[in-house]
Amino acid sequence: DAFFNDLPGSLRLQILLHLTRDLVDQVPLFKYASTALKNRLLMALKLQTYAPEDVILHEGEVGKEILFMSNGKADITSGEDGKVHGVLDAGDYFGHISFILRERRTATVRANTYCEIFILTSEDFKLIKKDYPEFSDVMKRLSSEKSGKISALVLEKIII
């Protein structure tokens with residue numbers, strides 16, 4: 001991270017564009033963003049890798065980030081019995097419902113396989129929203145095209 005952060009911004013962006021090309025193709029957020037907004041989002045994302053069985057999001061927490069699954073699979077579970085409500089995989093994004101509504105999560109997300117996840121923090125979200133007015137429109141358009149997976153979860157009162 002230290003080495004990467006010391007690189008000039010244009011070189012960091014080129015590396016990020018290469019590393020995230022699959023993510024950019026799979027996640028609808030990037031489809032609707034202008035090039036400038038897309039580049040700003042990519043520069044803000046933090047990469048986190050999770051091993052199988054690692055908890056990615058905890059039930060009961062209030063969301064402070066939006067997560068974008070680049071690679072891997074993760075279960076959405078809830079309760080003491082760990083009932084599985086669905087599986088997230090490459091191209092899925094999550095955490096936005098709890099984040100936007102400031103509601104506690106009603107489920108846990110646990111890695112099934114090694115997962116590469118890009119994280120957009122609330123601080124970066126606020127800065128980008130302030131600097132790029134189009135970001136609100138992109139988020140609205142994105143939410144109007146919610147994946148069936150997330151809609152089904154919301155109907156089950158599952159917030160992640």
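## An exposed lysine to start with

Lys157 has a relative accessibility of 68%, so Lys157 counts as exposed (exposed means over 50% relative accessible area, buried under 20%, and partly exposed in between, with a 1.4 Å probe and protein chains only). You will find Lys157 in the segment after α9 (148–155). The phi angle of Lys157 is near 65°, a positive value in a residue other than glycine.

This is a predicted model, in which local features need pLDDT of at least 70 and side-chain atom pairs count only at pLDDT 80 or more, while totals for chains, interfaces and linings use all residues. Residues are numbered from 1 along each chain as its sequence is written, and side-chain values use heavy atoms, with hydrogens and water left out.

## Another positive phi

Now look at Glu53, in the loop between β1 (46–50) and β2 (55–57). Helices (H or I, at least four residues) and strands (E, at least two) are DSSP runs, numbered from the N terminus. Glu53 has phi near 80°, a positive value in a residue other than glycine. With 54% relative accessibility, Glu53 counts as exposed.

## Two helices side by side

Next come helix α5 (residues 35–44) and helix α7 (residues 122–131), whose axes come within 10 Å and cross at roughly 160°. Axes are lines fitted to C-alpha atoms, for helices over the stretch in contact, and angles run from 0 to 180 degrees between N-to-C directions. The two helices are therefore roughly antiparallel to each other (over 145 degrees; under 35 is roughly parallel, 65 to 115 roughly perpendicular and the rest oblique).

Which residues of α5 meet α7? They are Leu37, Arg40, Leu41 and Ala44, and their partners in α7 are Asp124, Leu127 and Ile128.

Ser122, Asp124, Phe125 and Ile128 are buried in α7. Seen down the axis of α7, the buried residues fall within an arc of 160°, so they line one face of the helix. The face turned away from this buried side carries the exposed residues Glu123, Lys126 and Lys130.

## A buried isoleucine

Is Ile66 buried or exposed? Its relative accessible area is 3%, so Ile66 is buried. Leaving aside neighbours within four places in sequence, Ile66 is in contact (heavy atoms within 4.5 Å) with residues including Phe94, Phe99, Phe125 and Met139. Ile66 and Phe99 are 33 residues apart in sequence and 7.0 Å apart in space, C-alpha to C-alpha.

Note on methods: Arc of directions from axis to C-beta.
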